[in-house]
Amino acid sequence: MAPTVQPLPASAIRIRESRVDQVFNLVNYTILSIFFVIILYPLIYVVSASLSDGAAVISGRVVLWPVGFSLAAYEKIFRYGSIWTAYANTVFYAVVGTSVNVVLTLFAAYALSRQDLYGRKVLTGLFVFAIFFNGGLIPTYLLVKDLGMLNTRAAMIIPQAISIWNLIIAIAYFRSAIPEELLEAARLDGCDDVQYFFRILLPLSPPIIAVLTLFYVISHWNQYFTALIYLSDKDLFPLQIILRDILVASNFEAGMMEDLKNMAERETMRELLKYALIVVASVPVLIIYPFVQKYFVRGIMLGAVKG
Amino acid sequence: MALPRPRVQSVAWRGIKRSWQLYVFLALPLIWLLVFMYYPIYGAQIAFRDFYPGRTILNSEWVGMAHFSRFFNSVLFERVLGNTIGLSLYFLLVGFPIPVFIALSLNQLRTGFFKRSVQMISYAPHFISTVVMVGLILQFLEMRRGPINLLLQAVGFDAIHFMGKASMFPDIYVWSGVWQNSGFNTVIYMAALSTIDPALHEAALVDGANRLQRILHIDIPGIIPITLTLLILNIGQVLNVGFEKAFLLQNPLNLKTSEVISTYVYKVGLFGGVPNFSYAAAIGLFNSVLGLLLLVTANQLSKKFSKTSLF
């Protein structure tokens, strides 16, 4: 593919800045710096607190960097069995669920992006309407129940098999990033619709596949509500359910605090554990997203803006 | 069959036959859509019936609008609807303009380390799960050991029991949402700004326009269509206050301001001893219908005044 010409941002045009613009820049940098600090500070604080000595955290001595470096909380989490079962479950839901999601989304997006699909408008409308109107929680729950999926791994995957928002992004990508002439040329060469998808479209789709994968992995990783309503078996619980027990309800597994004798020590460890758990639960998603970030504007949103 | 099959194929059948391979691609997604998105709409008729576990939908007695009028007359109706709309509007008022503002501001920076850092860090909170986000909020606002109260006490104020005050719930809900999503929501505006023709800016520079003037007369008009589209979509979602966050932030002390339609439906329908499916389904259906009406209204208004519309 020929490289697209990136429009030059206004800021790249170098002209001696006027006095007004210098003041503007000063204000602008100040505002963005404040915004930056407000977003960043809580993130740093959590990491520092999780690595600090408990007493320092609860007395407010941790301001920016860890005080009295300690890995005690992480050691405890490492030995906390139900967290790791849940972690494994979440990885399972994320891997299997995302595979199903991406395949079905690409299939549907391909068919619906083809101008010559008979009934394209009606079918697309059928999908889009479902975003704005749905039967609600109870009928959906009853359906999943009638299908015998309550308390199965399938309940965490099948009812969310496609996110229609992501489908729209994928359709917009196919329509704006893949030139129409390609289809005509392929047809002349005797390519049928299936071959066109696998041989021509897919090799041109890494940006959209990356973005879809990221969005779906994260939605599975962060899935809480689905598990709350469909699952009751502890062995199937994803990470978020366990996190909720600890972070929100402050319920710790019995035996977790056995080695700590007095109440104050347990109290301190509880706080420390929460900080460490926030880190452990969020690091995987925060690690993968920068790799996909470069595709955000280039691949998808451009299509969304133009389409 | 008395009649012989007509030999002439219908237009539809020929159309489908021509692109049958595309229909193969579409088959599974379409089945999924009909089963998981449209069957529940059919199932929502239990809102007009007395449905109990063990009965089928059609075997349940038809009671018409009984569940709806029960909800409209219940003591909680005004509170739940009021909280839902109040929280959404508050969030829309604060959370919608901020990303636009930040995007315009970011767009003025030269691409470099600072710009990339601001983008990278400000997108990050979007990917944190709701459970962890609520955990963070609770940690920071904790009465005795939370950093915010430690700071307040250090400078001589009394500690505030943030989560215990019903009046503070909307602020906590909205501003934590701003913290979490403002950065990521700039993405779409940044994309729109990058499609503005640079010739416009060059011409304005030649005419001596300063940065502020260029923002006002070039950048803002350039992103108005996408901004309106997003605003319409957001209005359509006004009633869908995120279940997870409201539910997880709830406690007995703030229930007065934190109970919204989605959490109420959950409690009536799936939680507690006797689930009342039909009543909960009625509240859910009321929510869906009202949401659709809001979306259509916002869309019509936008069409009338700005020619931007979704459909």
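## A guided tour of the two chains

Begin at the boundary between the chains of this predicted model by selecting helix 6 (residues 137-146) of chain A together with helix 16 (residues 277-306) of chain B, whose axes come within 7 Å and cross at roughly 130 degrees. Helix 6 of chain A and helix 16 of chain B are therefore oblique to each other. To see where they touch, show the side chains of A:Leu137, A:Ile138, A:Pro139 and A:Leu142 on helix 6 of chain A, and then B:Phe277, B:Ala280, B:Ala281 and B:Gly284 on helix 16 of chain B. Sorted by class, the residues of this contact comprise seven nonpolar and one polar, with no charged residue among them.

Now widen the selection to the whole boundary, where 84 residues of chain A are in contact with 86 residues of chain B. On the side of chain A that touches chain B, select helix 13 (residues 263-306) of chain A, which gives the most to that side, with 17 residues. If you colour the side of chain A that touches chain B by residue class, you will find 63 nonpolar, 13 polar and eight charged residues.

Return to chain A and colour it by its domain assignment, which gives domain 1 (17-70) and domain 2 (73-307). The centres of domain 1 and domain 2 of chain A, taken over C-alpha atoms, are separated by 31 Å. Where the two domains meet, domain 1 of chain A supplies eight residues to the contact and domain 2 of chain A supplies nine residues. On the side of domain 1 of chain A that touches domain 2 of chain A, the elements to select are helix 1 (19-50) and helix 2 (54-58) of chain A, each of which gives two or more residues. The residues on that side of domain 1 of chain A divide into six nonpolar and two polar, with no charged residue.

Staying with chain A, select helix 5 (residues 120-132) and helix 7 (residues 164-177) of chain A, whose axes come within 9 Å and cross at roughly 140 degrees. That angle makes helix 5 of chain A oblique to helix 7 of chain A, and the crossing of the two helices is left-handed. The contact of helix 5 with helix 7 of chain A has seven nonpolar residues, with no polar and no charged ones.

For the last stop, select helix 4 (residues 81-113) and helix 12 (residues 239-248) of chain A, where the axes come within 7 Å and cross at roughly 145 degrees. Here A:Ser82, A:Ile83, A:Ala86, A:Tyr87 and A:Thr90 of helix 4 of chain A meet A:Leu239, A:Ile241 and A:Ile242 of helix 12 of chain A. By class, the contact of helix 4 with helix 12 of chain A has six nonpolar and two polar residues, and no charged ones.

Technical notes: Residues are numbered from 1 along each chain as its sequence is written. Chains are lettered from A and ligands numbered from 1 in the order in which they are written. This is a predicted model: local features need pLDDT of at least 70, side-chain atom pairs count only at pLDDT 80 or more; totals for chains, interfaces and linings use all residues. Axes are lines fitted to C-alpha atoms, for helices over the stretch in contact, and angles run from 0 to 180 degrees between N-to-C directions. Helices (H or I, at least four residues) and strands (E, at least two) are DSSP runs, numbered from the N terminus. Angles under 35 degrees count as roughly parallel, over 145 as roughly antiparallel, 65 to 115 as roughly perpendicular and the rest as oblique. A crossing is left-handed if the near helix is turned anticlockwise from the far one by less than a right angle, and right-handed if clockwise. Ala, Val, Leu, Ile, Met, Phe, Trp, Tyr, Cys and Pro count as nonpolar, Asp, Glu, Lys and Arg as charged, and the others, Gly among them, as polar. Domain bounds come from an automatic or database domain assignment. Two residues are in contact if their C-beta atoms, placed from the backbone, lie within 7 Å.
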